[in-house]
Amino acid sequence: MRFVRMNNCKPDMIVARPLYSECGALLLSKGHLLTDRHIHALKQRGFPGLYIFDQFSEGINPEEIVLDDDMRRIALNGMKEIFDKGANISQAKNQELCKIVSRIVYDIVDHVFKVNPAVLSVPLMKSFDEHVYQHSVEVGILAIMIGKNMNMPKNEVFNLGMAAFFHDIGKIFVPKTILSKKGKFTREEFNVMKIHPEWGFDFAKEVLGLPPVINQAVLHHHERFDGTGYPYKLKCKQIPLFARIISVADVFDALGSSRVYKKAQLTTEGYGYIMAGAGRQFDPNIVDIFSKTVAPFPTGLTVELSSGLHAVVVRNNPNFMTRPLVCAFNPNNLKEREHINLASDADALGIKIVGIV
Ligand SMILES: [Fe+2]
Ligand SMILES: [Fe+2]
């Protein structure tokens with residue numbers, strides 16, 4: 001299977017991975033044939049593209065997906081419950097929902113330690129209308145992967161995962177009119193929005209009864225390494241480690257579904273932004289781990305090579321993420337397919353990825 005940008009989707013292409021709406025409803029199932037109507041509707045929803053089966057990608061399977069679709073959906077449902085109801089239910093009810101989420105986080109951490117994936121291929125199918133609970137799950141998965149790749153012990157990665165899942169929980173107290181606003185905030189709206197780390201800290205501590213290491217990460221996830229963040233303008237190591245990790249995962253995911261740009265960006269673009277922020281907005285050591293954890297060209301992506309051929313990314317090289325193993329093809333002759341390892345093939349050293357098809 002391979003990922004095809006919405007503009008390059010054509011009727012009769014076969015859907016390879018199911019597509020879900022923002023609230024988890026199935027939009028298109030695997031094996032479905034695309035129609036003009038589907039393509040139009042998916043463009044309207046802001047999906048950047050989707051995975052399809054075709055001759056170019058025969059035998060290629062994205063192998064670096066950390067969570068299967070079922071596990072991701074269970075996590076989404078758990079977070080949706082607490083984000084939808086948290087502000088209006090009793091402490092006991094909130095603690096019950098928190099327990100459900102903590103079991104999900106535990107399962108994900110357990111899975112990541114067992115399967116031990118080196119690389120995270122972020123799903124490319126997100127719409128720009130991502131909800132805060134979806135964002136929380138994506139930030140959680142990425143933070144867990146970074147923690148594991150930093151060689152943290154499992155119980156610490158669990159706490160990091162919990163902090164990442166709940167980092168934006170304070171948003172349950174932000175008025176819906178602000179939260180769901182499309183486009184830029186006014187200064188007043190932004191000032192209200194900026195209180196969410198403190199609201200989240202109070203909620204995590206007083207209502208959910210989570211430990212200080214988690215509450216502190218919730219409070220400081222908008223601090224920036226160079227002291228330009230909020231609420232306390234903390235700098236460098238003054239910012240708790242978990243908050244430094246979550247800020248990288250948070251910004252990376254937010255770029256993938258940016259409301260400001262009105263267009264979900266592909267992983268590659270967000271990747272460059274994080275790399276450029278090393279030592280300024282972000283802790284350079286964490287950016288270094290991030291760069292070895294997230295694939296800028298996820299498996300299944302169709303790219304253009306400097307040689308003029310098109311290619312599908314087959315596998316990432318954790319030590320050289322910008323130069324994956326690809327399967328190049330000639331669009332005019334489907335039989336002409338060639339595997340090229342951009343990191344190690346001697347005759348591929350002059351070839352690079354120049355664009356996404
Ligand atoms: Fe936040
Ligand atoms: Fe966030």
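Author: Start with pairing: two strands pair if DSSP finds at least two bridges between them. Strands are DSSP runs (E, at least two residues; helices are H or I, at least four), numbered from the N terminus. This is a predicted model, where local features need pLDDT of at least 70, side-chain atom pairs count only at pLDDT 80 or more, and totals for chains, interfaces and linings use all residues. Residues are numbered from 1 along each chain as written, with chains lettered from A and ligands numbered from 1 in written order.

Reader: What makes S2 and S5 a pair?

Author: 2 bridges join S2 to S5 (residues 49–53), and the two run antiparallel. At least two are required. Valine 15 stands opposite isoleucine 52 in S5.

Reader: Why are S1 and S2 said to stand at the edges?

Author: The open sheet has 3 strands in the order S1-S5-S2, with antiparallel pairing. S1 (2–5) and S2 (14–15) each have a single partner strand, so one side of each lacks a neighbour in the sheet.

Reader: How do you know how H8 and H9 are oriented to each other?

Author: The axes of H8 (residues 196–207) and H9 (residues 212–220) cross at roughly 165° and come within 7 Å. Axes are lines fitted to C-alpha atoms over the stretch in contact, with angles from 0 to 180 degrees between N-to-C directions. Over 145 degrees counts as roughly antiparallel (under 35 is roughly parallel, 65 to 115 roughly perpendicular, the rest oblique). H8 and H9 are therefore roughly antiparallel.

Reader: Which residues of H8 meet H9?

Author: Among them are Phe201 and Ala204. Contact here means C-beta atoms, placed from the backbone, within 7 Å.

Notes: Two residues are in contact if their C-beta atoms, placed from the backbone, lie within 7 Å.
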